[in-house]
Amino acid sequence: MITLTTDFGLTEHYVGAMKGVIYSINPAVQVAEITNAIQSFDVLDGALAIAQAYSYFPKDTVHLVVVDPGVGGTRRPIVASVGQYFFVAPDNGVLSLVYEREERVTVRHITSEYYFRQPVSNTFHGRDVFAPVAAYLSKGVDSSKFGEEITDYVRFAAPKPKATATNTWKGIVLKADKFGNLMTNISAKDIPQIFDGSSNAFKLTVGKAEVTRLLSNYAEGAPGELFAILGSSGFLEISTNKGSASRIAGADKGSEVAVSVAEGPARGD
Amino acid sequence: MITLTTDFGLTEHYVGAMKGVIYSINPAVQVAEITNAIQSFDVLDGALAIAQAYSYFPKDTVHLVVVDPGVGGTRRPIVASVGQYFFVAPDNGVLSLVYEREERVTVRHITSEYYFRQPVSNTFHGRDVFAPVAAYLSKGVDSSKFGEEITDYVRFAAPKPKATATNTWKGIVLKADKFGNLMTNISAKDIPQIFDGSSNAFKLTVGKAEVTRLLSNYAEGAPGELFAILGSSGFLEISTNKGSASRIAGADKGSEVAVSVAEGPARGD
Amino acid sequence: MITLTTDFGLTEHYVGAMKGVIYSINPAVQVAEITNAIQSFDVLDGALAIAQAYSYFPKDTVHLVVVDPGVGGTRRPIVASVGQYFFVAPDNGVLSLVYEREERVTVRHITSEYYFRQPVSNTFHGRDVFAPVAAYLSKGVDSSKFGEEITDYVRFAAPKPKATATNTWKGIVLKADKFGNLMTNISAKDIPQIFDGSSNAFKLTVGKAEVTRLLSNYAEGAPGELFAILGSSGFLEISTNKGSASRIAGADKGSEVAVSVAEGPARGD
C-alpha cells in the first residue's frame with residue numbers, strides 16, 4: 001500500500017501522473033490519498049498532515065510525501081524507515097514530526113538512478129523520482145538498494161509553547177481545519193493544569209477572543225461560544241459548536257495563543 | 001467495498017486517518033470516496049449526497065457516512081441494513097433520504113466497544129468508531145454483533161413542495177451544484193403537469209429569475225437562458241447552457257421556488 | 001484499470017455515482033482519479049489534463065474523460081483506441097491533444113445501448129453511458145462491440161505560438177496551475193533559441209511582467225523574481241521560487257505571451 005500526501009492540488013494532472021507511474025511499476029498496489037491539498041510550498045503543513053495520519057495505516061505502508069519547493073535544486077531525495085513504515089520524500093524536514101514520534105529511524109539518500117523515470121525533469125520529481133521509488137519499495141525492493149544511509153538529514157523541531165512567566169505560556173495556532181477549529185501547538189503534557197482539573201481556572205486568548213472553558217465535546221458548547229477542547233491528535237484546540245472558531249476569533253494559522261492558569265485558593269482551600 | 005461520504009474536507013489528514021484504520025483492519029477492501037466535501041455540519045447536504053449515490057454500488061457495499069456535528073455527545077452511532085446495503089453513520093438523520101427510498105430497514109445502535117479503536121476520542125468518531133465498524137462489516141462480521149436493534153432512530157422528512165393554491169406550489173432549492181444548476185425539491189410526481197405536456201404553460205420563479213420553458217437537454221438552451229430540466233436524480237432543476245443558473249438567477253441553496261401552472265384552454269378546447 | 005478525468009467536481013455525488021456503476025459491472029477493477037476538478041464546461045482544460053497524464057498509466061488502461069457540455073444533445077459518445085490505451089469520452093474534441101501525440105488512432109461511435117444503464121438520463125451520460133462502457137471495456141469486451149468506426153471525429157488543434165516577425169512570437173498561457181505557474185503553449189521545438197543557449201538573450205512579456213532569464217530549477221530564482229523554465233510537460237512556463245507567478249504577473253489562463261529573441265553579435269561575431 002502507498003499513501004499520497006502532496007501539495008499538487010486537485011485541479012491538475014500532477015497527482016494522476018504520479019498514480020500512473022506507480023501503477024505502471026506495481027499494478028497490484030493500493031494507492032490511498034491522505035491529502036493532495038497541502039498548502040503550496042508549506043513544508044510544515046505537510047509535516048503536520050503526515051504526522052497525524054501515518055500511524056493508522058498497516059505495517060509496511062509506503063508513505064509518499066511530496067511538498068518540495070526545492071525540487072531540482074540541491075535538496076536530497078530520501079527514503080526513510082521509521083517505526084513500522086517507509087517514507088519517500090524530499091529531505092527538507094517534511095518528515096520532522098514523524099521522526100519525533102518514533103524511535104527507530106533510518107534515512108537513506110536516494111541516489112540509484114536505476115529506479116528513476118527517465119528523463120528526470122527538474123520540476124516534477126514527484127513523478128520522476130519519488131513515485132517510482134515508492135512503487136519499487138511497495139514491490140519489496142530493499143530500501144538499501146536506493147542509496148547510502150545518512151545521518152545529517154534535515155529535521156526541524158515542531159514549534160513548542162513557551163512559558164513566559166509563572167503559570168503563563170505562549171503558543172501558536174498550527175492550523176485552522178476545514179471546520180474552523182484552531183489546532184494549537186499545546187499538548188496535554190505542556191500545560192497539564194488545563195486538562196486535569198487541578199487548578200481553578202485558565203484563560204486563553206487567541207485573536208480577539210478569550211476562552212475560559214474546557215469542554216469534552218463540541219455539543220456541550222453554547223451557540224457561538226468559543227471553548228477549548230482536547231483534539232483528536234492530542235493538541236488543545238479552540239472550537240465552537242457547529243461553527244467556525246477561526247471566523248469568530250479572527251484567528252488563523254500562525255496566530256498567537258496566550259494561556260494563563262490560576263493558582264492557589266481552590267487547591268487545598 | 002466501503003464508500004466514504006463525509007464533511008471532513010480535502011485539506012486535512014482526517015480522511016487519510018479513516019482510510020488507514022479501515023485498511024489496517026481489512027487490507028483487501030476497496031475504498032471509494034463519494035465525497036468528503038459535504039458542507040460542514042450540514043446533515044441535509046450529506047443526506048442528499050448519499051441518497052443520490054448509494055444505489056449504484058454493488059450489493060453489500062458498506063456506506064460510511066460521517067456528517068457528525070454531535071460527535072462525542074448523546075447521539076448514537078448506528079449500523080443500518082437498508083435494501084441491499086449497509087450504512088454506518090451517526091443517528092442524526094443523515095440516512096433519512098435513504099430510509100425513504102427502501103422498504104427493508106433495520107437499524108442497530110452500535111454499542112460493542114470491542115470493535116472501536118481505543119482510546120475513543122470525543123471529537124473524531126469517524127476514525128475511532130465508524131471506520132473500524134465499517135471495516136469489520138466489510139470483513140463479514142454480522143451486523144447483529146455491533147448492538148441491539150432500535151426503532152426510534154432519527155429520520156426527518158425531506159422538505160416537500162407545498163400546494164399554495166390551485167395550480168400553484170412553493171418549493172425550495174435543495175442544492176446548487178458545482179456547475180450552478182439549481183436542484184429543487186420538486187419531483188415529476190409532485191407537479192406532473194410540468195413534465196407531461198398536459199397543460200399549456202408553467203411559470204417558475206426563483207431568485208430574480210422567471211423560467212417558462214422545460215427543455216430535455218442543456219444544449220437546447222439559448223445563451224444565457226434559464227430553463228427547467230428534469231435532473232438525473234429525478235428532481236426539477238433550473239439550469240442554463242454552459243453557465244451557472246445560480247449566478248444568473250441570484251439564487252442558491254435554500255432559495256424559494258414558486259411554480260404556477262396554467263389551466264384551461266389548451267386542454268380539450 | 002480505469003481513470004477518471006471530469007468536471008463533475010468534488011462536492012456532489014456525481015463522481016460517486018459513476019464509481020458505483022463501474023464497480024457494479026466490474027468489481028475487480030482499480031479506479032484512479034486523475035482529476036474531477038476540470039473547469040466546468042471547459043473542453044480544452046480537460047484535453048490538457050488527460051493529455052499530460054494518460055501515458056504514465058499501464059498499457060490497456062481505460063481513460064474515462066467526461067467534460068460534456070453538450071450532454072443529451074447531438075454530440076456522439078465515442079470509444080477510442082489510441083496508442084496503448086482506451087478512451088471513453090464525448091466526441092467534442094476533449095481527446096484532441098491525445099490524438100495529436102499518437103500514431104494509432106481508432107475511434108468508434110458508441111451506439112450499442114445494450115451496454116448503457118437504463119433509463120439513460122439526458123443530463124448525466126457520465127453515469128448512464130460513459131461509466132458502463134468503460135467498465136465493460138475494462139472487463140475485456142472488445143471495443144468493436146460498442147459501435148462502428150468513424151473517421152470524422154471532432155478534433156481541434158492545440159493553440160500554437162505564431163511568429164509575428166523575425167525572432168518574435170506570440171503565444172498564450174494555457175493554464176495557471178495550483179502553484180501559480182503559468183504554462184504557455186510554447187514548446188522547446190517552437191523557439192529552440194530560448195532553450196539551447198544559441199542566442200544572446202530573450203525577452204518575454206506576460207501580463208505586466210517581463211522575463212529575461214531561463215532557469216533550470218525553481219530554487220535558482222531570487223525571491224519574487226519571475227523566470228522562464230522548461231516545465232515537466234515540455235512547455236515553457238513562467239514561474240517564481242515559492243510563490244505565484246500568476247499573481248506577480250497579473251496573468252492567467254488565456255493571457256498573451258510575447259517573446260523576442262536577440263540575434264546577432266554573439267553568434268559568430
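Which residue of chain B forms a salt bridge with C:Glu12? The partner is B:Lys175, and the closest N and O atoms of the pair are 3.8 Å apart. A salt bridge here is a side-chain nitrogen of Lys or Arg within 4 Å of a carboxyl oxygen of Asp or Glu.

## About the model

This is a predicted model, in which local features need pLDDT of at least 70, side-chain atom pairs count only at pLDDT 80 or more, and totals for chains, interfaces and linings use all residues. Residues are numbered from 1 along each chain as its sequence is written, chains are lettered from A and ligands numbered from 1 in the order in which they are written, and side-chain values use heavy atoms, with hydrogens and water left out.

## How the copies are related

Two copies of a chain are related by a rotation about an axis and a shift along it. Take chain A and chain C. A rotation of 120 degrees, with 0.0 Å of shift along its axis, superposes chain A on chain C with an RMSD of 0.0 Å. The two copies are therefore related as by a three-fold rotation axis. The copies use different surfaces: 3% of the contact residues of chain A recur in chain C. Contact means heavy atoms within 4.5 Å.

Now take chain B and chain C. A rotation of 120 degrees with 0.0 Å of shift along its axis superposes chain B on chain C, again with an RMSD of 0.0 Å. Here too the copies use different surfaces, and 3% of the contact residues of chain B recur in chain C. Superposition is by least squares on the C-alpha atoms of residues with pLDDT of at least 70 in both copies.

The size of an interface is often given as the accessible area lost when the parts come together. Buried area is that loss, found with a 1.4 Å probe and summed over both parts. Chain A and chain C bury about 2600 Å² between them, and 57% of it lies on carbon and sulfur atoms. In chain A, the residues that lose the most area to chain C are A:His13, A:Phe41 and A:Thr123, together 23% of what that side buries. The contact takes 33 residues from chain A and 31 residues from chain C.

How many salt bridges does the rule find across this interface of chain A and chain C? The rule finds 1. The side chains of C:Lys175 and A:Glu12 meet in a salt bridge, 3.7 Å from N to O. There are also 16 residue pairs in polar contact across the interface of chain A and chain C, both residues at pLDDT 80 or more. A polar contact is a pair of N or O atoms within 3.5 Å; within protein, one must be able to donate a hydrogen and the other to accept it, and residues adjacent in sequence count only if both atoms are side-chain atoms.

Helix α1 (residues 14-25) of chain A gives the most to the side of chain A that touches chain C, with 8 residues. Helices (H or I, at least four residues) and strands (E, at least two) are DSSP runs, numbered from the N terminus. By class, this side of chain A has 14 nonpolar, 14 polar and 5 charged residues. Ala, Val, Leu, Ile, Met, Phe, Trp, Tyr, Cys and Pro count as nonpolar, Asp, Glu, Lys and Arg as charged, and the others, Gly among them, as polar.

## Where chain B meets chain C

In this contact, 31 residues of chain B touch 33 residues of chain C. B:Tyr56, B:Lys178 and B:Phe179 supply 27% of the area that chain B buries against chain C, more than any other three residues. Chain B and chain C bury about 2600 Å² between them, 57% of it on carbon and sulfur atoms.

The count between chain B and chain C is 16 residue pairs in polar contact, both at pLDDT 80 or more. β2, α2 (43-53), β9 (168-176) and β13 (227-230) of chain B each supply at least two residues of the side of chain B that touches chain C. The largest share of that side, 4 residues, comes from β2(B).

## The sheet

In chain C, an open sheet of 7 strands has the order β2-β1-β3-β5-β4-β6-β7, with mixed pairing. β2 (31-35) and β7 (149-150) of chain C stand at the edges, each with a single partner strand, so one side of each is left without a neighbour in the sheet. Two strands pair if DSSP finds at least two bridges between them. Strand β1 (residues 2-6) of chain C pairs with β2(C) in the parallel sense over 4 bridges. C:Leu4 has C:Glu33 as its bridge partner in β2(C).

Terms used
Buried area = accessible area lost by both parts, 1.4 Å probe.
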